[in-house]
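Subject: Structure handover

Hello,

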Amino acid sequence: MGTFCSVIKFENLQELKRLCHWGPIIALGVIAICSTMAMIDSVLWYWPLHTTGGSVNFIMLINWTVMILYNYFNAMFVGPGFVPLGWKPEISQDTMYLQYCKVCQAYKAPRSHHCRKCNRCVMKMDHHCPWINNCCGYQNHASFTLFLLLAPLGCIHAAFIFVMTMYTQLYHRMKIILRNKTSIESWIEEKIEQLKQKADKRVRSVRYKVIEDYSGACCPLNKGIKTFFTSPCTEEPRIQLQKGEFILATRGLRYWLYGDKILDDSFIEGVSRIRGWFPRKCVEKCPCDAETDQAPEGEKKNR
């Protein structure tokens, strides 16, 4: 609101001409290009928006952009604070300690200097910055400093997204070229590898019976302290369990298992698979199942 009020309280519309300068044009152009490309890369290629990490990343990008532009325009339009034309101290005897500006026809306030670009005496003048096309002084020093701090941080975040986008998009294609293969051949190999992995998982899978209800919470408090603090750090879902159901586990951790819920025949064909993580405490192995001879992937290591 401070910036908005300062914008509508311009002395005159001539202040808008500050935008018509090579400094603001370049600065705003760089901010717009970097922010737009970072958001596009983040949403389309690097980190999908429907994931938790992608949403947090996108919100951070918007936050950087808003804060950078807020402090930039604040530094530009609020201005440094000028000594009023014709100003003189209330006590006439104090004039002997002050310098007189012939251009402004006024005495210079303490720590103020005359700016040739602005053609005014600036309070607590630091320098005239071409990137905001204004002086940096008493009123906008804080905003200008925050802009200088936030701009590099936002650029680092955007650069990280650019690098990860280049890696995720070009690494696979460069790998195909180096191996002297076509995209179709590479796709066929990937599908064969996926089918092999699925077949291996079916062989290694173990049937479990649910002995305790589980709500599907990420970090359940009622399943023990160890289960709470060892929740898998992944975006894969948790599945809700009810006592008496059966689960086909394919991999696991010490206190957690990952698998598919075995659906009844009454379910409609083509229904999506229900799979995800669940606490090991909620299930037990089926003693009469032939598949129990092999432990799920990762269980032997944890032992």
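**Gly 137 and its surroundings**

Leaving aside neighbours within four places in sequence, Gly 137 is in contact with Pro 80, Met 123, Lys 124, Met 125 and Asp 126, where contact means heavy atoms within 4.5 Å. Gly 137 sits in the loop between strand S6 (134–136) and helix H4 (141–178). Helices (H or I, at least four residues) and strands (E, at least two) are DSSP runs, numbered from the N terminus. Gly 137 is buried, at a relative accessible area of 0%. Buried means under 20% relative accessible area, exposed over 50%, and partly exposed in between, with a 1.4 Å probe and protein chains only. From Gly 137 to His 113 the C-alpha distance is 9.9 Å, and the two are 24 residues apart in sequence.

**How the model was treated**

This is a predicted model, in which local features need pLDDT of at least 70 and side-chain atom pairs count only at pLDDT 80 or more, while totals for chains, interfaces and linings use all residues. Residues are numbered from 1 along each chain as its sequence is written, and side-chain values use heavy atoms, with hydrogens and water left out.

**The chain as a whole**

The protein chain has seven helices and eleven strands. Of its 303 residues, 33% count as buried. The chain exposes about 19,900 Å², and carbon and sulfur atoms supply 61% of that area; accessible areas come from the Shrake-Rupley method with a 1.4 Å probe, and for residues only the protein chains shown count as cover. Among contacts between residues at least 6 apart in sequence, 59% join residues at least 24 apart.

Two strands pair if DSSP finds at least two bridges between them. Strands S7 and S8 run antiparallel and are joined by four bridges; Val 206 has Ala 249 in S8 as its bridge partner. Ala 249 also stands opposite Gly 259 in S9. S8 and S9 are antiparallel too, with five bridges between them, and they form a hairpin with three residues between the strands. S9 (residues 256–261) then pairs with S10 in the antiparallel sense over five bridges, and Trp 256 stands opposite Pro 279 in S10.

How much of S10 is covered? Strand S10 (residues 275–279) is mostly covered, with four of its five residues buried.

**Nonpolar cores**

A nonpolar core is a set of buried Ala, Val, Leu, Ile, Met, Phe, Trp, Tyr and Cys residues joined through side-chain atoms within 4.5 Å. The largest one has 15 residues, and those with the most contacts inside it are Tyr 208, Tyr 214, Leu 241, Ile 247, Leu 257, Phe 278 and Val 283. Strands S7 (206–210), S8 (246–252), S9 and S10 each supply at least two residues of this core. Another core, of 14 residues, lies apart from it and includes Ile 31, Ile 68, Ala 75 and Ile 132. In soluble globular proteins, nonpolar side chains tend to be buried together.

**Helix H3**

Helix H3 (residues 52–78) has 27 residues and reaches 38 Å from its first C-alpha to its last, close to the 39 Å expected at 1.5 Å a residue. The expected span is 1.5 Å times one less than the number of residues. Gly 79 follows H3 and has a positive phi, near 80°.

Most residues other than glycine have a negative phi. Gln 105 is not a glycine, yet has a positive phi of about 55°. Gln 105 is found in the loop between strand S1 (100–101) and strand S2 (106–107) and is partly exposed, with a relative accessible area of 49%.

Asn 133 also has a positive phi, near 55°. Its place is in the loop between strand S5 (127–129) and S6. Is Asn 133 buried or exposed? Asn 133 is buried, at 15% relative accessible area.

**Cysteines**

A disulfide is a pair of cysteine sulfur atoms within 2.5 Å, and by this rule the count is zero. Cys 218 is in no disulfide, and its nearest cysteine sulfur, that of Cys 219, is 3.9 Å away. Cys 218 is partly exposed at 44% relative accessibility, and Cys 219 is partly exposed at 34%.

Regards
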